[in-house]
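Open the model in your viewer and keep the sequence beside it. This tour tells you what to select at each stop.

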Amino acid sequence: MKPVRIRTLQSTDAEALLTFELDNREWFERHIDARGSAFYSVQGVTDHIAAYLADFAAGTWHPFVIEDEGGKIVGRANLKSIDMSERSAEVGYRIAQSACGRGLATLAVRHLIQEAQLHWNLKQLVANVYAANIASAKVLKRCGFLVEHISRQEGTEHDYRFGLSI
Ligand SMILES: CC(C)(COP(=O)(O)OP(=O)(O)OC[C@H]1O[C@@H](n2cnc3c(N)ncnc32)[C@H](O)[C@@H]1OP(=O)(O)O)[C@@H](O)C(=O)NCCC(=O)NCCS
């Protein structure tokens with residue numbers, strides 16, 4: 001068996017990524033904003049990957065997948081909205097429900113920090129998390145992020161913005 005691996009998303013990942021997203025759709029929709037239904041098809045995911053890889057080529061996005069010991073996609077992590085003038089980006093991540101609690105999100109966030117530093121030469125990372133997402137907040141704090149802002153809007157769930165200076 002190979003070790004858990006985090007690598008850049010590839011155009012050949014469409015079927016494996018669709019399986020991962022379909023298997024975990026309901027789980028993700030409990031914690032993060034839902035995707036449109038057109039996404040959940042081979043064509044939808046192929047288009048999604050093409051858009052992410054175009055943004056990667058343009059230097060504004062770095063998409064990663066996490067593979068388990070058997071080579072199955074069990075998570076995703078992204079450096080989003082990379083801004084080379086501000087030297088900043090947002091982090092995002094999602095782990096298969098069946099693979100949670102094994103430290104994979106912590107591993108992924110540490111990988112994002114390392115890539116932000118070594119590959120992109122960034123200085124500032126941010127993350128936006130719903131207040132109810134205790135596991136995600138725990139991962140960010142463990143990786144050194146601090147709460148920067150709490151938004152409270154009448155009648156809606158409030159959320160936290162975390163930041164990390166690197
Ligand atoms: C949030 C998420 C990424 C965490 O992934 P993970 O691989 O389980 O994270 P880790 O194992 O690295 O760490 C999670 C920690 O939170 C803890 N935790 C999980 N649920 C918890 C809860 N309800 N209350 C308190 N702690 C909780 C775990 O025990 C673990 O801590 P420990 O290592 O000290 O035991 C995963 O649940 C997920 O993908 N959720 C859906 C998508 C999502 O929310 N993405 C993040 C958007 S900001």
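At what angle do α1 and α3 pack, and how far apart are their axes? The angle is about 110 degrees, and the axes are 9 Å apart. Axes here are lines fitted to C-alpha atoms, for helices over the stretch in contact, and angles run from 0 to 180 degrees between N-to-C directions. The two helices, α1 and α3, are therefore roughly perpendicular to each other. The scale is this: under 35 degrees is roughly parallel, over 145 roughly antiparallel, 65 to 115 roughly perpendicular, and the rest oblique.

Before moving on, two notes. Residues are numbered from 1 along each chain as its sequence is written. The model is predicted: local features need pLDDT of at least 70, side-chain atom pairs count only at pLDDT 80 or more, and totals for chains, interfaces and linings use all residues. Helices (H or I, at least four residues) and strands (E, at least two) are DSSP runs, numbered from the N terminus.

**Stop 1: the α1 and α3 contact**

Select A14, E15, L17, L18 and E21 of α1, then V42, V45, T46 and I49 of α3. These residues make the contact between the helices. Contact requires C-beta atoms, placed from the backbone, within 7 Å of each other. By class, this contact has six nonpolar, one polar and two charged residues. Nonpolar covers Ala, Val, Leu, Ile, Met, Phe, Trp, Tyr, Cys and Pro; charged covers Asp, Glu, Lys and Arg; the others, Gly among them, are polar.

**Stop 2: the buried face of α1**

Stay on α1, residues 14-23. Which of its residues are buried? Select L17, L18, F20 and E21. Seen down the axis of α1, these buried residues fall within an arc of 165 degrees, so they line one face of the helix. The arc is that of the directions from the helix axis to the C-beta atoms. Buried means 20 or more other C-beta atoms within 10 Å of the residue's own; exposed means 12 or fewer; partly exposed lies in between; C-beta atoms are placed from the backbone.

**Stop 3: the core**

Select A108, V109 and L140. They have the most contacts inside the largest nonpolar core, which has 34 residues. Such a core is a set of buried Ala, Val, Leu, Ile, Met, Phe, Trp, Tyr and Cys residues joined through C-beta atoms within 7 Å. Elements giving two or more residues to this core include β2 (62-67), β4 (88-95) and α4 (104-118). The largest share, six residues, comes from α4. Next, centre on L140. Leaving out residues up to four places away in sequence, L140 touches V109, A127, V129, F145 and F162.

**Stop 4: strand β1**

Go to I6 in β1, residues 5-8. I6 has 19 C-beta neighbours inside 10 Å, so it counts as partly exposed. Its C-alpha atom is 5.7 Å from that of V65, 59 residues apart along the chain. Not counting residues up to four places away, I6 touches F64, I66, A77, A108 and H111.

**Stop 5: two loops**

Find R87 in the loop between β3 and β4. Its phi is near 55 degrees, a positive value in a residue other than glycine. Then select N121, in the loop between α4 and β5. N121 has a positive phi of about 55 degrees and is not a glycine. Is N121 buried or exposed? It is exposed, with 10 other C-beta atoms within 10 Å.

Terms used
Contact = placed C-beta atoms within 7 Å.
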